[in-house]
Amino acid sequence: KRKIKKLLVLVCAAIVSISASAQKGDKAIGVNLSYGAKVKNIGLGVKGQYYLTDRLRGEASIDHFLKKDDVSMWDINANLHYLFDVAPKLQVYPVVGVGYTKWNVHFVLLDGKKKSASEDRLAVNLGCGVQYQLINRINVNAELKYQIIDNYNQLVPSVGLTYRL
């Protein structure tokens with residue numbers, strides 16, 4: 001019986017360490033690589049996360065999409081994620097949030113003068129993501145987000161890494 005109790009305690013300790021997850025008040029920082037379907041180019045971003053509860057976290061992010069065909073874009077987002085455990089170290093989550101986007105167009109007039117124009121737009125973000133804990137404080141994630149932006153709607157798939165502080 002003692003061996004069984006020791007084994008049971010060891011198994012419980014292993015399960016707790018494997019499925020260690022964030023707790024209310026935890027913070028994380030990260031980077032991501034994305035693709036903007038409307039701007040037709042890659043984006044680089046940084047993000048910060050704050051766990052409001054053990055399952056609900058807020059995320060603030062800034063992304064810059066590289067210039068292509070004379071168009072570039074950047075956005076600032078505030079999203080919420082609700083984490084669902086699907087396996088040890090693996091979670092899925094819906095994405096709901098808002099964003100502010102800035103679209104820039106650079107062009108050359110017939111007389112050779114360079115001009116640019118820009119538009120600011122508000123966005124609604126809807127999507128889903130999956131997160132896997134690589135090691136104790138480092139997670140890798142993949143996300144598919146649809147940005148609803150007046151005349152500029154775009155699908156934004158991304159992959160990223162976060163480090164929990």
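This is a predicted model: local features need pLDDT of at least 70, side-chain atom pairs count only at pLDDT 80 or more; totals for chains, interfaces and linings use all residues.

Reader: Why is Ala78 called partly exposed?

Author: Ala78 has a relative accessible area of 43%. Partly exposed covers the range between the buried limit, under 20%, and the exposed limit, over 50%. The value for Ala78 falls in that range, so the residue is called partly exposed. Ala78 is placed in strand S4, residues 71-82.

Reader: What makes Arg164 buried?

Author: The relative accessible area of Arg164 is 11%. Buried requires a value under 20%, so Arg164 qualifies.

Reader: How do you know that Arg164 and Asp26 meet in a salt bridge?

Author: Their side chains are 4.0 Å apart, N to O. The definition asks for a side-chain nitrogen of Lys or Arg within 4 Å of a carboxyl oxygen of Asp or Glu, so the pair is counted.

Reader: Is Asp26 buried or partly exposed?

Author: Asp26 has 22% relative accessibility. Buried means under 20%, so Asp26 counts as partly exposed.

Reader: What makes Lys102 and Asp120 a salt bridge?

Author: The closest N and O atoms of Lys102 and Asp120 are 3.1 Å apart. The cut-off is 4 Å, so this pair meets the definition. Lys102 lies in strand S6 and Asp120 in strand S7, so the bridge joins parts 18 residues apart in sequence. Asp120 itself, at 41% relative accessible area, is partly exposed.

Reader: Which residues are linked with Arg121 in a network of salt bridges?

Author: The network links Glu119, Arg121 and Asp150. Within it, the side chains of Arg121 and Glu119 meet at 2.3 Å, N to O. Arg121 has a relative accessible area of 19%, which is under 20%, so Arg121 is buried. Glu119, at 32%, is partly exposed. The structure holds five salt bridges.

Reader: Why are S1 and strand S2 said to pair?

Author: Ten bridges join S1 to S2. Pairing needs at least two bridges, so these strands pair, and they run antiparallel.

Reader: How many bridges join S1 and strand S9?

Author: Seven bridges join them, in the antiparallel sense. Ser34, for instance, has Ser158 in S9 as its bridge partner.

Conventions
Residues are numbered from 1 along each chain as its sequence is written. Side-chain values use heavy atoms; hydrogens and water are left out. Helices (H or I, at least four residues) and strands (E, at least two) are DSSP runs, numbered from the N terminus. Buried means under 20% relative accessible area, exposed over 50%, partly exposed in between (1.4 Å probe, protein chains only).
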